[in-house]
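This report is an introduction for a reader who is meeting the structure below for the first time. Please keep the sequence and the model in view while reading.

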Amino acid sequence: MRHFMITPGGKLSGRIRVPGDKSISHRTLILGAMAEGVTRISGFLESTDCLATRIALEALGVKIETAAGKITVYGAGLQGLRAPAAALDMGNSGTAMRILCGVLAGQPFISTLTGDASLRRRPMRRVIEPLASMGAVIDSEQGCAPLTVHGQAALKPLRYELPVASAQVKSALLLAGLNADGYTWLREPGISRDHTERMLEAFGCVCLRADGWLGIHGGTKLNGMDIEVPGDLSSAAFFMLGATIQRDSHLIVEQVGINPTRSGVITLLRKMGADIRVSNERAMGSEPVADLEIRGAALHGIHIMADQVPLAIDEIPVLMIAAALARGDTVLEGAAELRVKESDRLQAIADGLRALGVKVELWADGMRVTGINAFSGGEVNSHGDHRIAMAFAMAGLRATAPIRIADSRNVETSFPGFAGLARDTGLDLDEAGR
């Protein structure tokens, strides 16, 4: 088992780049595989989650090559995949499992998706049920993986209101809709990431929008293209946190994706008093990017309401670490979705903060965090959750004694090289148990 050991003190400084966006990297492979022609990807995130998607697509008959730092995908077309010889192992990636479930629903063969113990506990009914309405038959273990998908060559079009805003479910249904006979229409109760819609349009698919509904027409051909993946804002968020909480820090993170359906962490940190400046804004393909300049700042507590959570769903651990060092209380509500991530993130955050001397009141969909001046030392169990491990690693910058982050092995699922980059910018981090 692998652990992080953080020695207190230090500050973050320098000019860095974080790896490519994980959400976009998954989608470049999947849409490239469903397209006709060649898709060339630069900036692809070589993490274990994204590599699981690549390995699965190769098992489905897609030719994928790596050369000179670029990924080349030779598209198979909408129904050009072939039955895999064995179950497809998605590792720890809920994104890969849910989106590929939608793709495989429209293929004329049977396939099985599985994953590690954590992924097999995550709920999948929210994608199984609407896909069943389109004609796919999906066997599961009480709504969890492994999922056996009995695909159909022609699915039925769907008009569906998602009960919970979810980019993964929305993406699965849109990609299933490409193999449906007619229009598929979706509506969400709130905002979710729109990477799939942006990328579908870049690949040549018209996305229709009317009265909150999003629609596509089945049978629309996708065309291969060249894609550059921007830096992952969720990965940049850990360094934004570290630079914000420690006085005299000054850090620049270059070429980060600032998609407005993802940028809630910037908005909320600024609302707490963070000094984050966005510059050099530009477009990178279908995605907006910018450079972020962060300086240390004094923070104050805020109220994070339910409608703000989807815009920062992956960055809640970062925001709660910041809240622990802010003046006054921070209240989080409407975040029940965090109970079914790689860990029960609400519980993991609360337990970790309490282990470091912070007063936390926890409830079903949120928490109240009372700020302190500095963390005590102690041990935090990340429960194998990469985002918990990286967020609490930054807490060491404002601790009075060493912090040990137990079970940090899964950091590589989203951020290969995190420990080295953190050390390079000023965090005193050692790794043990490798």
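Predicted model: local features only at pLDDT ≥ 70, side-chain atom pairs only at ≥ 80, totals over all residues.

## Overall build

How many helices and how many strands are there in the protein? The protein has 12 helices and 24 strands, where helices (H or I, at least four residues) and strands (E, at least two) are DSSP runs numbered from the N terminus. Its radius of gyration, taken over C-alpha atoms, is 21 Å, close to the 22 Å that the globule rule (2.2 Å times the number of residues to the power 0.38) gives for 434 residues, so the protein is as compact as a globular protein of that length.

Residues are numbered from 1 along each chain as its sequence is written, and side-chain values use heavy atoms, with hydrogens and water left out.

E22 pairs with E23 (residues 403-406) in the parallel sense over four bridges, and Asn-381 stands opposite Ala-406 in E23.

## The largest pocket

Rolling a probe the size of a water molecule over the atoms shows where empty space is left. On a 1 Å grid over the protein atoms alone, a pocket is an open set of points with protein on both sides within 12 Å along at least five of seven lines, a cavity is a set of points where a 1.4 Å probe fits but cannot get out, and lining residues have an atom within 4 Å of a point.

The largest pocket holds about 760 Å³ of space and is lined by 44 residues, of which Ala-165, Ser-166, Ile-313, Glu-337 and Lys-341 lie nearest its centre. Helices H1 (22-34), H3 (94-105) and H5 (167-177) are the elements that give two or more residues to this lining, and H1 gives the most, with four residues. By class, the lining of the largest pocket has 15 nonpolar, 13 polar and 16 charged residues. As for H5, 11 of its 11 residues are buried, so this helix is largely enclosed by the rest of the structure; among them are Lys-170 and Leu-174.

About 250 Å³ of space lies in the second largest pocket, which has 15 lining residues, the closest to its centre being Lys-170, Glu-188, Glu-197, Gly-212 and Leu-214. Strands E11 (183-187), E12 (208-210) and E13 (213-217) each supply at least two residues of this lining.

Which residues line the largest cavity? They are Asp-21, Ile-24, His-195, Leu-233, Gly-257, Asn-259, Arg-262 and Glu-287, and the space inside the largest cavity is about 30 Å³.

Notes
Pairing = 2+ DSSP bridges. Points joined across faces, edges and corners; volume = space filled by probe spheres on them. Nonpolar A, V, L, I, M, F, W, Y, C, P; charged D, E, K, R; others polar. Buried < 20%, exposed > 50% of the residue type's maximum accessible area, 1.4 Å probe, protein only.
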